[in-house]
Amino acid sequence: MNLDKIIRELDLKLLTDPQDYSQIVPSGGYASDLLSCVMAGAPHQGIWITLQSHANIVAVAALLELSAVIITESAMPEPAVIEKANREHVTLLSTSATTYTIVGKLWAAGLAAK
Amino acid sequence: MEQPERQTSVITDKSVEYITRSEELAYELKIDEVMTHKVKSISADMIMRDVVEMFRQARISGAPVTVGGELIGIISMEDLIRCLSHNDLDAAATKYMTPKPITVKTTDPVIEALKLFVSSRVGRLPVLDSEGNLAGILTKGDVSRGLLRALQRTYQEEELRRYRASHLFEDIESDRSSLILRYNIKARDFTNGGSASSHIKRALLRLGANPQIARRCGIAIYEAEMNLIIHTTNGGIIRVEIEPHQITIDANDDGPGIKDVELAMKPGFSTATEEIRELGFGAGMGLPNIARCVDNVKLESTIGKGTKLKMKIFLENEEAVGESHSPNQETIKA
């Protein structure tokens with residue numbers, strides 16, 4: 001399933017500059033608020049679901065080449081974080097739903113863990 | 001030119017590279033460079049029947065409506081369907097056109113048009129020149145073709161740059177050549193956390209490193225970098241020595257030092273404060289992550305003196321960097 005479909009079906013808000021998301025196919029997913037766990041566990045080009053919204057999520061997402069970060073419970077990154085994400089070509093998405101809900105919806109949509 | 005691989009389930013590193021480059025190009029290219037210049041336009045006195053005939057003959061699915069070069073509206077398939085459902089083909093084109101369409105300027109970067117395609121869901125954008133006259137029309141197809149043409153041009157330049165870097169060591173004669181990169185890391189500088197590791201990762205890719213190895217190095221160095229930011233008194237230095245068959249990474253600081261090195265290597269053990277943990281650090285996975293990503297890790301620490309972390313990654317023949325057999329084009333699965 002491509003990222004464009006995920007953004008539309010889960011009604012996610014795009015925080016970074018738009019790209020052609022129909023060409024991006026996430027490889028899987030990972031949910032955690034602890035960055036080192038993400039470093040160890042998130043699949044290359046997967047989607048990461050977290051409550052964290054500070055600048056270091058961009059560094060982690062860029063290093064792991066994640067296809068997107070979904071920030072849950074309306075946690076809002078600072079403008080500088082969004083700017084950094086644009087520079088690093090990291091996609092940040094926002095939702096008011098909880099991490100649990102988003103993971104459930106992604107799984108139901110067919111994006112199961114590897 | 002070589003096309004990026006299209007796969008449904010796995011995006012390769014190579015295709016990601018293409019995607020990234022095409023995004024950059026979307027900022028650099030001007031709409032004028034990719035739009036269709038010779039536009040079939042509908043004059044205000046045409047009736048819808050003429051419009052259908054024009055679409056059919058020109059094999060197009062939409063066109064702007066103009067009066068003496070000035071844009072007054074646009075007719076797309078949706079407008080046409082509306083007209084057909086009313087069985088009203090003899091109506092004036094102006095009756096069914098969408099008036100005052102969203103426009104872009106010839107000098108706008110292509111990214112502006114891409115944003116409009118996404119936000120407004122229109123299929124074509126009339127392009128106006130500096131005087132406000134219709135200069136052309138832009139569809140998503142024009143953008144794709146324009147980007148592909150530009151990619152083809154820049155592909156050769158990037159290939160040459162990569163080729164030079166990936167043969168760095170071949171042109172220099174010595175008994176043992178290496179490239180040393182140094183990064184000063186400031187304590188508590190969370191804003192720049194991860195920038196040294198991402199720079200190193202990029203350098204390795206330029207030198208022709210296997211993407212998987214560049215990623216492993218990136219993760220290990222990120223953890224070392226964050227340790228310097230979180231735990232040290234005065235920050236520290238990351239030094240990376242790149243040789244064709246090994247990468248040696250040193251992260252050194254001058255204090256405070258680790259009390260129990262063995263405990264520090266244990267997954268889940270952390271001395272991070274509550275404040276640091278709230279930022280998502282302090283999972284106690286930093287050093288275990290490093291150990292997982294590199295072939296060899298050595299941690300020495302003296303309280304009051306500082307910590308020396310040495311990591312090594314060995315490269316097999318076909319993984320060598322800066323030499324001709326460096327594989328660049330490998331397809332890596334997640």
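In the predicted model, 31 residues of chain B are in contact with 28 residues of chain A, two residues being in contact if their C-beta atoms, placed from the backbone, lie within 7 Å. On the side of chain B that touches chain A, at least two residues each come from α1 (13-28), α6 (110-120), α8 (195-206), α9 (211-231) and α12 (286-293) of chain B. Helices (H or I, at least four residues) and strands (E, at least two) are DSSP runs, numbered from the N terminus. This side of chain B comprises 14 nonpolar, 12 polar and five charged residues; Ala, Val, Leu, Ile, Met, Phe, Trp, Tyr, Cys and Pro count as nonpolar, Asp, Glu, Lys and Arg as charged, and the others, Gly among them, as polar.

Residues are numbered from 1 along each chain as its sequence is written, while chains are lettered from A and ligands numbered from 1 in the order in which they are written. Local features need pLDDT of at least 70 and side-chain atom pairs count only at pLDDT 80 or more, whereas totals for chains, interfaces and linings use all residues.

Chain A contains five helices and five strands, arranged from the N terminus as α-β-β-α-β-α-β-α-β-α. Of its 114 residues, 54% are buried, that is, have 20 or more other C-beta atoms within 10 Å of their own C-beta atom, these atoms being placed from the backbone. Helix α3 (residues 56-63) of chain A is largely enclosed by the rest of the structure, because eight of its eight residues are buried. The cover over the buried residues of α3(A) includes α2 (35-41), β3 (47-50), β4 (68-71) and α4 (79-87) of chain A, together with α8 and α9 of chain B. A:Glu65, which follows α3(A), has a positive phi near 50 degrees.

In chain B, an open sheet of three strands has the order β5-β6-β7, with mixed pairing; strands pair if DSSP finds at least two bridges between them. Strands β5 (104-105) and β7 (134-139) of chain B stand at the edges with a single partner strand each, so one side of each lacks a neighbour in the sheet. β5(B) runs parallel to β6 (residues 124-128) of chain B and is joined to it by two bridges, with B:Val104 partnered by B:Val127 and B:Lys105 by B:Leu128. β6(B) and β7(B) run antiparallel and are joined by five bridges, B:Pro126 having B:Ile137 as its bridge partner. In the hairpin of these two strands, with five residues between them, B:Gly132 adopts a positive phi near 90 degrees. Four of the five residues of β6(B) are buried, so this strand is largely enclosed by the rest of the structure.

Methods
A residue is buried if 20 or more other C-beta atoms lie within 10 Å of its own, exposed if 12 or fewer, and partly exposed in between; C-beta atoms are placed from the backbone.
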